[in-house]
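Let's take a walk through this model together.

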Amino acid sequence: MLSPKQRTPSCAVLQLVPARIACHYRIIPLSSENDSICVAISDCTDLDRLDELRLALGCAIKPVQWDEEAILDAIKKHYGIGADTLEHLSGTRVESSLIVDQKAEDLTDLSADSSIIKFVNQLILEAYRERATDIHIEPFEEDLRVRYRIDGILYEASIPSQIKQFQDAIVSRIKIMANLNIAEKRVPQDGRINVQIAGQQFDLRVSILPVAHGESVDIRILQRSNIFLSLEELGLSSHALSIFNRVIKRPHGIVLLTGPTGSGKTTTLYACLDKMNSTHRKIITIEDPVEYQMRGICQMQVLPKIGFTFAAGLRSMLRHDPNVMMVGEIRDFETAELAIRAALTGHLVFSTLHTNDAAGAVTRLLDIGIETYLVASSVECVVAQRLVRLVCPKCAEPVEPDKWLCEELGITDQQEDTFRRGKGCEECRGSGYFGRTATAEVMTMTESIRELVSARSPASTIRRRAIEQGMVTLREDGLKKARRGDTTLDEVLRVTQSDEDLTGV
């Protein structure tokens, strides 16, 4: 049996077999000679299918046996996702306003007639199969680009070239699924879609952004049934876990998580809340949006259009006598002041800030306008977090790291290290990585650090003092994972480079 690596079809032979025929009969053309076409098929003894294919193409067929999964992968690679659907629509005029079906409860049901509905379902299904967390649909002057974010990295999807002409119809279909206004194309819109894929429930968060050549779409994929990871499952070090376990037992104070979008802050917050969730504690959250619904926890979503902001929600939360409060993000002085005063009046408060490292969170609160004594007395712990990709277990192999990279990262003794890398395989899309884990630096507010905060010391000074007192930095935590073979030195350098440069460490 020949594999796709041994036989790759040319563009010329692909044009001889339309996408709809390749998808319907599940074949991939390999070569042509005189009046015959050599095709890969999963069963060379299926004479009925070969006869039908011969009539459809009007020429002789030379079958070559391939694995059916390899054929389907080749169809997606060479023709593009949903190529048969778009080819069917190419000869018809598609009016986006005529697409009125508002339900796509089970996206795995693609038995309906070819349509924009089916194509959008195929895009989402492919994202699910590829473990994507986001789908980006981006319009440009001459084409429409679709990219999937997998393990934090964007990969361009294989899409038929004629997709550009269906740009408006695709966006309209997504708007209808998310209950958005299809006639409004001038302002951003946000919505939510509930779908079922392979028996599992998913929340799709949709964001529409008007750009120069149409509307850009981002779809974030959240799986309801696989959301709660315990603190132990996040990949945090034993040192970080011990600090977390001490902090969440405290009756009051504020715990801050920092990092860029997509660094796993929300997942860590939910892990903390899940561990504290009991009948003896009242937990209330205010979020934008409510990412996951947790049993036993009162959750609110901000609605800025009607004046229900983080600050307004915080005021109302205090009247309900909570033990633990979670504020999705501290964005302004009012929210920060209310959160800190709540921490000082007997509440344990969790929230997030957008800073590069743990020490930067403290100075950020001061920059917002919070008094130094309030920050010094209320903040108990600050966690800076990133996600690093894990070496693919299917294609992992031992590797000798580059000497210059070891020097760059300060690695000298390698006797007990087990560095690994992924060669690249079908499982990991040739990247050598599969999945992600958390790397973090945890800064506890000791008396000496509180004194530095009260003196309005810069973040670099606070960071140095925290390191002197035993704080493990983001890079050091990542290096430990690389030296165990969980990730690679290149990945650690990619994730922590800017943070180390900015802080001067």
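Helices and strands here are DSSP runs (helices are H or I with at least four residues, strands are E with at least two), numbered from the N terminus. What you're looking at is a predicted model, where local features need pLDDT of at least 70, side-chain atom pairs count only at pLDDT 80 or more, and totals for chains, interfaces and linings use all residues. Residues are numbered from 1 along each chain as its sequence is written, and side-chain values use heavy atoms, with hydrogens and water left out.

Counted that way, the chain has 18 helices and 18 strands. Of its 505 residues, 50% count as buried; buried means under 20% relative accessible area, exposed means over 50%, and partly exposed is in between (1.4 Å probe, protein chains only). Contacts are heavy atoms within 4.5 Å. Among contacts between residues at least 6 apart in sequence, 64% join residues at least 24 apart.

Now find Thr285, which sits in strand β11 (residues 283–287). Thr285 is buried, at 0% relative accessibility. Who does Thr285 touch, leaving aside neighbours within four places in sequence? Its contacts are Leu273, Ile297, Cys298, Gln299, Met300, Met317 and Met326.

Next, the rings. Rings of Phe, Tyr and Trp (its six-membered ring) pair if their centres lie within 6.5 Å; planes under 30 degrees apart count as stacked, over 60 as edge-to-face, and the rest as tilted. This rule gives one aromatic pair. The ring centres of Tyr128 and Phe202 are 5.5 Å apart and their planes are at 80°, so this pair is edge-to-face. Tyr128 belongs to helix α6 (residues 116–129) and Phe202 to strand β8 (residues 200–211), so the pair ties together parts 74 residues apart in sequence. Tyr128 is partly exposed at 29% relative accessibility, while Phe202 is buried, with a relative accessible area of 3%.

Last stop: two helices. Helix α10 (residues 310–318) and helix α11 (residues 333–344) pack at an angle of about 20°, with axes 8 Å apart. Axes are lines fitted to C-alpha atoms, for helices over the stretch in contact, and angles run from 0 to 180 degrees between N-to-C directions. So α10 and α11 are roughly parallel to each other (under 35 degrees is roughly parallel, over 145 roughly antiparallel, 65 to 115 roughly perpendicular, and the rest oblique). From α10, the contact uses Phe310, Ala311, Leu314, Arg315 and Leu318, and from α11, Glu334, Thr335, Leu338, Ala339 and Ala342.
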